[in-house]
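Here is a short tour of one fold, written for reading side by side with the coordinates.

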Amino acid sequence: MASKPRVGVYPGTFDPITVGHLDVIARSALHLVDRLIVAVANNAGKDPMFNVDERVELVKAGLEALPGEAKATIEVRPFGNLLMHFVGDVGASVIVRGLRAVSDFEYEFQMAAMNRRLNSEVETVFLMALDRNQFISSRFVKEIALLGGDVEQFLPPRVHDHLKRKLGRD
């Protein structure tokens, strides 16, 4: 009897998706789960630069930079409800979260504990960012880009191109 595929969800705003996000996605898809759903939050409260449909498309564009074996196991979907409801709807048993620094840990720890109370069948797995990605955040990338700085090294190529167009810097 074949075992049930292990489904994971990697939630985030991804405004925009960075090479740090892609690293977490690739490692999750290749090593932790059989199928990974990148869940793009429709979180207007964070005042995103890109709307949810644009962010879904940017995540899909960013995934082109991943190795072929990882891409086959990844799906990108928007969500606007409670994460634990979304996780249940897609049949996931794992939530993947990336950690860049100790400062991320307290918030993520509290969120994981709350999610565990909401559904004890779902585990949260934390992946440490690689050294070269620990300082990268979507917020910093946007700030640097808005002030005219070069952010090409922090973004997948098609995402970088889209950001330049969004800022009128074709």
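A patch here is made of residues with over 30% relative accessible area and no salt bridge, with nonpolar side chains joined within 5 Å. With that in mind, have a look at this predicted model. Leu 82, Met 114 and Leu 118 form such a nonpolar patch on the surface, and together they have about 300 Å² of accessible area.

Five strands make up an open sheet in the order S3-S2-S1-S4-S5, paired in parallel. Strands S3 and S5 stand at the edges, each with a single partner strand, so one side of each has no neighbour in the sheet. From one strand to the next, the twist averages 30°.

| Strand | Partner strand | Bridges | Direction |
|---|---|---|---|
| S1 (residues 7-12) | S2 (residues 35-41) | six bridges | parallel |
| S4 (residues 94-99) | S5 (residues 123-128) | six bridges | parallel |

Gly 8 stands opposite Leu 36 in S2. Leu 99 has Met 128 in S5 as its bridge partner. Between S4 and S5 the chain passes through helix H5 (residues 102-118), giving a β-α-β crossover that is right-handed.

Key. Residues are numbered from 1 along each chain as its sequence is written. This is a predicted model: local features need pLDDT of at least 70, side-chain atom pairs count only at pLDDT 80 or more; totals for chains, interfaces and linings use all residues. Side-chain values use heavy atoms; hydrogens and water are left out. Patches are made of residues with over 30% relative accessible area and no salt bridge: like charges are joined within 9 Å, nonpolar side chains (Val, Leu, Ile, Met, Phe, Trp, Tyr) within 5 Å. Accessible areas come from the Shrake-Rupley method with a 1.4 Å probe; for residues, only the protein chains shown count as cover. A salt bridge is a side-chain nitrogen of Lys or Arg within 4 Å of a carboxyl oxygen of Asp or Glu. Two strands pair if DSSP finds at least two bridges between them. Helices (H or I, at least four residues) and strands (E, at least two) are DSSP runs, numbered from the N terminus. A crossover is right-handed if, with the strands pointing away from the viewer, the path from the first strand over the helix to the second runs clockwise. Axes are lines fitted to C-alpha atoms, for helices over the stretch in contact, and angles run from 0 to 180 degrees between N-to-C directions.
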